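Good morning, and thank you for coming.

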Amino acid sequence: MFDSHVIRICGKVQGVGFRPFIWQLADRMQLRGEVCNDSAGVEIRLFQPADIDTFIAQVKRECPPLARIDSVSVGRFNWQIPPQTFSITNSRRQQMSTQVVPDAATCPECLKEITRPGDRRFGYAFTNCTHCGPRFTIIRAMPYDRPATSMAEFALCPACQQEYQDPADRRFHAQPVACPDCGPQVRATRQNGETLAQGNAALRYAVSALQAGEIVAIKGLGGFHLACDATQQSAVMRLRERKNRPSKPLAVMLPDIRWLAQCSSEDSPQCALREMLSSPAAPIVLTVKSATSPLCAAVAPGLDEVGLMLPFTPLHHLLMQACGTPLVMTSGNAAGRAPVLNNDDALRQLDKIADVWLLHNRDIVQRADDSLVRLTPQGTDVLRRARGFVPDAIPLPAGFDTQPPVLALGGDLKNTFCLVRGNQAILSAHFGSLADGDIARQQQQAIEHFLHLYECTPVAIARDAHPAYVSHAQAESHGIRVVDVLHHHAHLAACLAENGWPLDGGNVIGLALDGLGYGIFAGKTGALWGGECLQVDYLHCEHLGGLPAVALPGGDRAAHEPWRNLLAQWQAFVPGWQSLSEACVLDGHPWLPLSKAIAAGVNSPLASSCGRLFDAVAAALGCAPAQLSWEGEAACQLEALAHRAEGISHPVTFPLHPTPDGTFLDLATFWQQWLGWQASPAARAFAFHDALAQGFAALARFHCVRTGTRTVALGGGVLHNRLLRQRLHHHLSPLQVLMPQRIPAGDGGLALGQAVVACARLQFSSSVSASLSKQ
């Protein structure tokens with residue numbers, strides 16, 4: 001027997017070039033032994049190393065760019081026969097605890113190859129290495145080896161095989177490695193599926209179609225895009241008409257980073273924007289539009305922001321270089337349908353939208369939409385967390401160290417689910433509205449895939465407490481313990497978890513601002529919340545006040561027709577509103593019978609919704625359409641208007657109004673002051689944002705003093721309003737403010753909050769049971 005060391009490294013260490021990195025380091029340090037992948041991470045066996053601490057320090061300091069080390073443990077190992085060299089051995093199967101790596105944008109070395117004439121990968125749309133390329137979207141099982149991916153059907157040619165087997169090559173064990181001789185291929189078709197061109201000729205065909213104003217469906221990493229020339233108003237309007245997307249903003253892909261200065265305002269943080277756009281995640285980044293932008297007005301009508309991204313695959317790089325102009329890149333789905341993931345569905349479901357299809361023959365195993373982020377003075381605001389970020393694990397705070405597996409189903413809108421195992425949470429990619437049966441099926445398939453991939457059987461399932469949610473009903477089918485979590489408790493718990501708030505960290509004051517969620521009022525469940533001040537920890541949620549409840553005339557229709565919310569607000573808080581000059585905004589709407597329905601309580605449930613208050617103010621200023629075509633449209637138009645007068649002084653306030661049921665913002669005073677102030681629409685829009693932020697900050701500060709805490713947590717989809725976010729942060733100073741940054745503030749982060757609340761309850765139940773058993 002020969003005594004040596006075994007080092008186990010856990011984290012994001014598979015599919016990122018970690019083993020060849022270890023091989024090269026060991027060779028440099030003249031060490032003997034071996035390294036392999038297994039389902040727990042990477043295992044390194046060193047034969048009698050002279051200095052194990054120096055080796056580990058070098059590993060941590062020099063690890064590959066896509067890797068992340070979560071833990072390193074050292075044990076003893078006995079060799080039967082001492083090794084003479086250092087080698088890389090085959091993967092071993094053990095309990096799964098390693099992480100699956102997100103897809104990564106094309107690295108600079110691969111980009112050079114596809115643009116360098118004479119290189120054997122010149123113009124090849126599926127070039128990748130251990131530093132870039134598909135990961136999550138092609139993986140079927142762990143360990144992450146080629147046979148367990150959608151690249152299994154592509155046998156390596158001798159040249160690629162040599163690269164794959166050479167530890168000194170950056171393509172060593174890069175599972176998607178391929179070249180024009182052995183890898184996936186691109187083809188261009190019309191709707192009948194007949195191949196019009198292949199390879200580079202297919203790219204040229206698609207480019208010609210785009211330049212002619214046509215719409216091209218492009219198969220990417222985790223789904224399809226529908227693309228058209230972003231500088232051609234007629235092309236963009238044609239896409240909007242065919243997709244039935246009249247005004248929702250469209251993302252734009254730039255040919256390269258040099259276009260950023262032309263398309264974004266010079267006041268935008270250019271360096272930070274460049275860094276985020278060029279990162280391995282390569283998300284869509286929201287930025288203020290340039291006044292001289294070459295993008296046509298139809299890209300983001302009426303808004304001051306535009307979503308920009310850079311090419312993130314070789315296919316997109318080659319396409320953009322050949323086009324030489326920005327392209328709209330929006331999700332590949334028909335109205336009311338889930339995004340398509342395979343060629344046959346794309347040809348069938350997009351037949352009334354696309355003119356040309358740019359397809360390839362590598363399967364998409366997992367859907368991953370484009371991630372969407374915004375850079376703010378308070379940090380990153382992730383609006384949609386998907387491609388490039390998922391499934392990166394989220395470390396849980398202190399106190400959540402040994403969690404049994406828990407699955408959280410999220411909400412029905414902007415759905416994501418979350419799997420907790422050990423001390424980590426894995427949040428899924430974005431799915432959307434579960435009311436769409438196609439999306440619900442995609443979500444269920446993804447849950448099954450995650451449980452298989454991570455070899456995990458949950459002991460409990462967390463869900464939203466709203467009994468009418470699709471996700472609420474889904475939980476019953478799993479046949480395990482179900483934990484109901486209030487919507488806004490989950491929002492704030494997600495914020496606490498992201499910010500590392502310990503399980504025993506005590507209570508904080510939380511502001512949960514969104515559209516609607518299931519809550520409790522005066523001890524009764526079923527209240528509709530949306531603008532709440534709460535005292536929370538991971539176990540408890542106490543309602544302290546917020547916005548007063550106002551009628552939702554017509555129920556769900558109020559979320560789509562802003563004028564209904566204006567009528568309800570005025571009827572509740574503005575006596576004699578019919579005589580106001582502003583009342584003309586309700587002309588043409590059937591407000592009189594609706595007013596009677598509100599008074600009689602007919603189909604007019606009460607809700608303290610912050611989102612519906614934004615709709616009402618937008619309707620009063622005439623910047624909201626009578627019928628919304630996308631969620632948040634009125635609020636986004638109102639915010640864009642407010643930015644034109646940002647920083648002006650105003651007389652508008654939301655005073656605090658104590659009641660036996662809590663402390664609420666005084667909407668009657670707000671409307672009296674706001675309607676009585678003669679100012680421009682932009683000034684009044686800003687005054688609303690600032691006064692609302694000041695009112696909620698005063699409410700939070702009041703309860704901080706009362707409860708002896710100095711920490712305020714924020715959550716809910718309204719926090720994606722960058723102006724309100726900034727004004728809240730300003731008015732809450734000098735309190736400690738916990739704000740969502742890496743996890744969406746809206747419903748895309750709900751599942752994380754549900755998961756940690758469920759884990760806290762399970763731990764509490766376990767400790768109570770243990771205490772009782774000792775008595």
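Predicted model: local features only at pLDDT ≥ 70, side-chain atom pairs only at ≥ 80, totals over all residues.

A search of the whole structure finds 17 aromatic pairs. I shall discuss two of them.

In the pair of Phe 417 and Phe 431, the ring centres are 6.0 Å apart and the planes meet at 20 degrees. Planes under 30 degrees apart count as stacked, so this pair is stacked. Where do Phe 417 and Phe 431 lie? Phe 417 is in the loop between strand S18 and strand S19, while Phe 431 is in the loop between strand S20 and helix H11. The pair therefore ties together parts that are 14 residues apart in sequence. Phe 417 counts as buried, at 0% relative accessibility, and Phe 431 also counts as buried, at 4%.

The second pair, Trp 577 and Trp 591, is edge-to-face, with 5.0 Å from centre to centre and 75 degrees between the planes. Trp 577 lies in the loop between helix H14 and helix H15, and Trp 591 lies in helix H15, so this pair ties together parts that are 14 residues apart in sequence. Is each of these residues buried or partly exposed? Trp 577 is buried, at 5% relative accessibility, whereas Trp 591 is partly exposed, at 23%.

Ring pairs also link residues into a cluster, whose members include Trp 577, Trp 591, Phe 614 and Trp 674. Over the ring of Trp 674 sits the charged end of Arg 684, 4.3 Å from the ring centre. Elsewhere, Arg 387 lies over the face of Phe 312, at 3.5 Å from the ring centre.

Thank you for your attention.

Note on methods:
Residues numbered from 1 in each chain as written. Heavy atoms only, no water. Phe/Tyr/Trp six-rings, centres within 6.5 Å; stacked < 30°, edge-to-face > 60°. Helix = DSSP H or I, 4+ residues; strand = E, 2+ residues; numbered from the N terminus. Buried < 20%, exposed > 50% of the residue type's maximum accessible area, 1.4 Å probe, protein only. Lys NZ or Arg CZ within 6 Å of the ring centre and 35° of its normal.
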